[in-house]
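User: I have a model open and a few local details to check. Can you go through them with me?
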Amino acid sequence: MADALPRLNVKDPGIRDRHLLGLPDGIAVDEVEVLAISRFAQAHWEESTQDVPQQRGFVRPVTAALGIRAVSAAPAVRALRLARLSALSGPFSVSPEDAVGLGLPASTAVVYDLDCPRERGDRPYPGGDRDGLKRAFPDGLPVREEERVVQWLVACARRLGGAVRVGGSGVVLTPDVDGAIDLTLLTDRWLEPSEALGVVQTVVPRARLSEPTSRWEGPMPGVGRGSTSGAGGITEAGGSGLRAALEQYGVDDEVERARLMAEAAAFDELMLASPPPAESYGILVDLGVDGTISVEAAAETELPPLLRDLPWTADGVVAYRVHWEPLLVEELEMEKPSFPHKVARGRAAPQVQAVTRALHGVLGGEIADEADFLVDPADL
């Protein structure tokens, strides 16, 4: 497939200042287009304005004053318009030597060239950098449109097994295709907590409903009006905020205060006896040394663009988010986590997929990954 494409002009002096998406052979243009529409609702193809060098093998006759002559015709190149100022031109074929010269993996067969505005903000703060963007933009992270399209490039590289070469710095980002295992089931059906628990337990019998471990029993002793904050240099437990608020807004009349407390107690008793229907809930699966899997069910208002105009989403959508959390949560945001983290993730991923498949079998709907790209249930 790559042989029939126009070659990437690696001699273009501006190419090293633009962001490049490198993909292995076998990735169809339609796959990139679907991922674009999944993030940018108005994405569409248009003719590219980039100059493409003449390629041998494309010959057409041209009438000249002295007769017929043959010239090479450059293959047509299109651009995928992502946003108002950003377009992705390609695909271009690239040789392994040229790919390595750009810093891309030698397995790179096709390259997409991104033309977007340069919009940078503050220098990155220390901390997690799973996508490597802080490393790639040490002088100022991209913001606004550049941020959106660069994050999409990295998400595409993770989904399709490719890499991103960042313009200017030349840093190459090769996100781990297994680095994001969370899945979300989007459907128009609501399962009660006990019903959802039953579905999850068909896959992992040790699953349980997430419930509060303790009930609030009122303010701590020594706070509020009874506080002696400041006496003898002893600080009020929990801070002095409650006492100060009571002094300003509290009810001084003890009879009125007792009436209000009785009303509040009666309301609490009524709610405990007949609680309102749950609007969200969670299910937990303890994986021991491999961490925890949670299923969080709640209404969803922000849908991927591909789902927004479908008939079944018109009356509301419920999201069932299947999330894996390792013992060391900070490793989730590491570009290169430890080997034990990868082992635990590898053991948790099949269970995340199995839980999602089970819920999808009962509820139907669509499955999305962490980047809001839709996933075929048959691929899980």
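User: Is Asp-372 buried, partly exposed or exposed?
Analyst: Asp-372 is partly exposed, at 37% relative accessible area. Buried is under 20%, exposed is over 50% and partly exposed is in between, with a 1.4 Å probe and protein chains only. This is a predicted model, where local features need pLDDT of at least 70, side-chain atom pairs count only at pLDDT 80 or more, and totals for chains, interfaces and linings use all residues. Residues are numbered from 1 along each chain as its sequence is written, and side-chain values use heavy atoms, leaving out hydrogens and water.
User: Where does Asp-372 lie?
Analyst: In the loop between β15 (366-369) and β16 (374-375). Strands are DSSP runs of E with at least two residues, helices are runs of H or I with at least four, and both are numbered from the N terminus. Phi of Asp-372 is near 65 degrees, a positive value in a residue other than glycine.
User: What about phi of Arg-144?
Analyst: Phi is near 50 degrees there, also positive and not in a glycine. Arg-144 belongs to helix α4 (residues 144-160).
User: Buried or exposed, that Arg-144?
Analyst: Arg-144 counts as exposed, with 52% relative accessibility.
User: Switching topic: which peptide bond is cis?
Analyst: The one from Gly-90 to Pro-91 is cis, with omega near 5 degrees. Pro-91 sits in strand β6 (residues 86-93).
User: And where is Val-289?
Analyst: Val-289 is in the loop between β12 (280-286) and β13 (292-300). Val-289 is exposed, with a relative accessible area of 64%.
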